[in-house]
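Here is my note on the salt bridges. Please read it with the structure open.

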Amino acid sequence: MTADRENLSFLPDVPGEAMQSRIRQKLDSITAKTKVYRAMERDFDSYNKSVRIVMQEAQKGALRNVHGPVSRLIRTDDSYAVAVEIALGAAMQQIVVSTEQDGKAAISFLKRTGAGRATFLPLNTIQGKKLQENGLENCRGFVGIASDLVTTQNQYQGIVENLLGRTVIVENIDNAISMAKRYGNRFKIVTLDGQVMNPGGSMTGGSVNKEAGILSRANELEKLKSQEKELEQQLLT
């Protein structure tokens, strides 16, 4: 499901009432899509059961100092979304908490209720580390170190660098193979379409559903909200 990017301007000779009707129809369509995406975000759709339950308890105040899954704390451009999601893998659903004690409380809750397992990232212990390889930017197809391609609040920068600071994003698989050989397969390389050269030399790849990703969904919701606001403004003029 993708937002309708149809040009929202109308021909000047369209009668006022007809124009209003067309805008309202478009707004109804966008609003319906927005509601679906909002519900998916609210209900933590596509997240593991354990993550959903922890977040529900946190929202009720039963678990404290739970900041949220990594995927909720970062943003990236659409062009990088697939690569970043693949680079993160299961870490997308790891939950950031303030301290080890907050993580301990959440783990105890999951154990006590039989709600499954989750990984917690205490802000006071996780430290980031970025690649220090020379010449990366000169390699053909180099896009960037993954941690540099996402935005987040300052307090989560260490988490981001811990998870993405040793992963390089390149344009395609040929670039990835070439870079891996040059640097002795020392770090993870991910292409924009989600193919991976793993440390040690193994390869992971195949097809990726670009519309199913959590980061892509968040971006889509923002676009829908923007279009909804624009149409509402048009109705008022």
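1. Start with Asp148 and Lys130. Their side chains form a salt bridge, with N and O 2.7 Å apart. (A salt bridge is a side-chain nitrogen of Lys or Arg within 4 Å of a carboxyl oxygen of Asp or Glu.) Asp148 sits in the loop between β5 (142–145) and β6 (150–151), and Lys130 in the loop between β4 (120–122) and β5, so the bridge ties together parts 18 residues apart in sequence. (Helices, H or I of at least four residues, and strands, E of at least two, are DSSP runs numbered from the N terminus.)

2. Both partners are partly exposed: Asp148 has a relative accessible area of 48%, and Lys130 has 24%. (Buried means under 20% relative accessible area, exposed over 50%, partly exposed in between, with a 1.4 Å probe and protein chains only.)

3. Keep the basis in mind: this is a predicted model, where local features need pLDDT of at least 70, side-chain atom pairs count only at pLDDT 80 or more, and totals for chains, interfaces and linings use all residues. Residues are numbered from 1 along each chain as its sequence is written, and side-chain values use heavy atoms, leaving out hydrogens and water.

4. Next, Asp78 and Lys223. Their salt bridge has an N to O distance of 2.1 Å. It links distant parts of the chain, 145 residues apart: Asp78 is in helix α4 (residues 78–88) and Lys223 in helix α8. Asp78 is partly exposed at 40%. Lys223 is partly exposed at 26%.

5. Is Arg217 buried or exposed? Arg217 is buried, at 3%. Its salt-bridge partner Asp45, with closest N and O atoms 3.5 Å apart, is partly exposed at 34%.
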